[in-house]
Amino acid sequence: MVTKNILLLLLILLIVSSINGNANSNPIEGKKTHTTELNMDIFSFLRQLESNMPLTRQKITDMGFELTKIEKGTFRDDYSAPPMALNDGVRLRDITLSVRNVESGISLFLMINITNKTITPQEMEKQLGGFAVLHFDGVIVSGKTITYAKEVGEFGIFALYDQNGKDVLSNVSFTSVEPLEQ
């Protein structure tokens, strides 16, 4: 089960990513990126990610993400992928994969910002089911965003909604642990 500390860290990363994503900055400065086109709509795309949980770097690459390492650390590596365009007009941008070594394997945190489509929490729940508002005891979260979470086994999907945009989905993230090879 995902612990509250991990969920708090993920929520903070989600909010920071949303704030950084609003600046429209490219994590790889000076390098032009292309847009990958996928022949599926946003909900087919999200269901495909969910059905592949627990995610691995290989599964993410096989789905069409072209990962480029942007930062290497002692305990964490970060990758980015070029924007993606889906056939329903949705653009996926600021795609980041954070990889961290943990006791049980490799923890993955895939974050994707969504633009060009208004997706409400009700529509997300209808299409993917089972989301609930994420609450933390004693933690004050910005009134500008609200996070919904869904557990998939011991892993999670988080959907961050912008309250200024009247509950419009701004990004989705997936947490997973890739087991160590035996």
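Reply: Gladly! Contact here means heavy atoms within 4.5 Å. Among contacts between residues at least 6 apart in sequence, 57% join residues at least 24 apart in this protein. Do keep in mind that this is a predicted model.

Me: Thanks! What is the pattern of the protein along the sequence?

Reply: The order is α-β-α-α-β-β-β-β-β-α-β-β-β-β, and the protein has 4 helices and 10 strands. Buried residues account for 45% of its 182 residues.

Me: Which residues of helix 2 and helix 4 make the contact?

Reply: Helix 2 contributes Phe-43, Leu-46, Arg-47 and Glu-50, while helix 4 brings Glu-123, Met-124, Gln-127 and Leu-128. Sorted by class, this contact has 4 nonpolar, 1 polar and 3 charged residues.

Me: On to the rings. What makes Phe-45 and Phe-65 an aromatic pair that is tilted?

Reply: By the rule used here, there are 2 aromatic pairs. In this one, the rings of Phe-45 and Phe-65 are 5.8 Å apart centre to centre, with 45° between the planes. Ring centres must lie within 6.5 Å to pair; planes under 30 degrees apart count as stacked and over 60 as edge-to-face, so 45° leaves the pair tilted. Phe-45 belongs to helix 2 and Phe-65 to the loop between helix 3 (57-62) and strand 2 (68-72), so the pair ties together parts that are 20 residues apart in sequence.

Me: How do you know that Phe-45 and Phe-65 count as buried?

Reply: The cut-off for buried is under 20% relative accessible area. Phe-45 has 1% relative accessibility, so Phe-45 counts as buried. Phe-65 has 1% as well, and therefore Phe-65 also counts as buried.

Me: And why is the pair of Tyr-148 and Tyr-161 called edge-to-face?

Reply: Their planes are 80° apart, with 5.2 Å centre to centre. Since planes over 60 degrees apart count as edge-to-face, that label applies to Tyr-148 and Tyr-161. Tyr-148 sits in strand 8 (residues 145-152) and Tyr-161 in strand 9 (residues 155-162), so this pair ties together parts that are 13 residues apart in sequence. Both tyrosines, Tyr-148 and Tyr-161, are buried.

Terms used: Residues numbered from 1 in each chain as written. Predicted model: local features only at pLDDT ≥ 70, side-chain atom pairs only at ≥ 80, totals over all residues. Heavy atoms only, no water. Helix = DSSP H or I, 4+ residues; strand = E, 2+ residues; numbered from the N terminus. Nonpolar A, V, L, I, M, F, W, Y, C, P; charged D, E, K, R; others polar. Phe/Tyr/Trp six-rings, centres within 6.5 Å; stacked < 30°, edge-to-face > 60°. Buried < 20%, exposed > 50% of the residue type's maximum accessible area, 1.4 Å probe, protein only.
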